[in-house]
Amino acid sequence: MAFKALLQKCTPILGRGLLIRNMRNHEAVSQFHSSCRRKEEFSIQDTKDFEERVLTVTGRLTIIDFHASWCGPCKLLTPRITKALEKVGDKVNLAKVDVDVNTELAMEYKVSSVPAVFFHKDGNIVDKFVGAIEQDRIEHYIEKYM
């Protein structure tokens, strides 16, 4: 994306000052560009954070990705989810939940193996899957519940 188009698209979100400061660091600009396209990807810190950022959201699909840093299939699934979300822009939230950090949440949602992905919309879990599935199946889930 050309710099001028990036500036026009992202300025309302974060302001020109941040973009200009980040121009000195190419990596920061790349991260800024990615966050502009998909603003709603976040790591859950604790149960309260989960309640505020997932359970209270209405009218929007939130994908809850229960994962672990040591999990091989999780490492395969993450880029597939990311790529599928690039197609829908910022219309879908992605909440990443590390089961080693948030064991209470993992137990509450009866996560017995990872990766476990839940689809949450309007206060309800509408679907889920366990394991590393192909990108086209992830896209199907997103389209079905968006």
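The request and its answer follow.

Q: Which residues have the most contacts inside the largest nonpolar core, and what is in contact with I44?

A: First, some ground rules. This is a predicted model, where local features need pLDDT of at least 70 and side-chain atom pairs count only at pLDDT 80 or more, while totals for chains, interfaces and linings use all residues. Residues are numbered from 1 along each chain as its sequence is written, and side-chain values use heavy atoms, with hydrogens and water left out.

Now the overall layout. The protein has seven helices and five strands. These are DSSP runs, numbered from the N terminus: helices are H or I with at least four residues, strands are E with at least two. Along the sequence the pattern reads α-α-α-β-α-β-α-β-α-β-β-α. Of the 146 residues, 45% count as buried. Buried means under 20% relative accessible area, exposed means over 50%, and partly exposed lies in between (1.4 Å probe, protein chains only).

Next, the core. A nonpolar core is a set of buried Ala, Val, Leu, Ile, Met, Phe, Trp, Tyr and Cys residues joined through side-chain atoms within 4.5 Å. In soluble globular proteins, nonpolar side chains tend to be buried together. Here the largest nonpolar core has 19 residues. I44, F50, F66 and V111 have the most contacts inside it. Several elements each supply at least two residues of this core: helix 4 (47–55), strand 2 (61–67), strand 3 (92–98), helix 6 (103–108) and strand 4 (116–121).

Zoom in on I44. Contact means heavy atoms within 4.5 Å. Leaving aside neighbours within four places in sequence, I44 is in contact with D49, F50, V54, A95, K96, V97, N102 and L105.

One of these partners deserves a look. D49 sits in helix 4. Is D49 buried or exposed? D49 is buried, because its relative accessible area is 12%. Beyond its neighbours within four places in sequence, D49 is in contact with S43 and I44.

Step back to the whole chain. Take the contacts between residues at least 6 apart in sequence: 68% of them join residues at least 24 apart.
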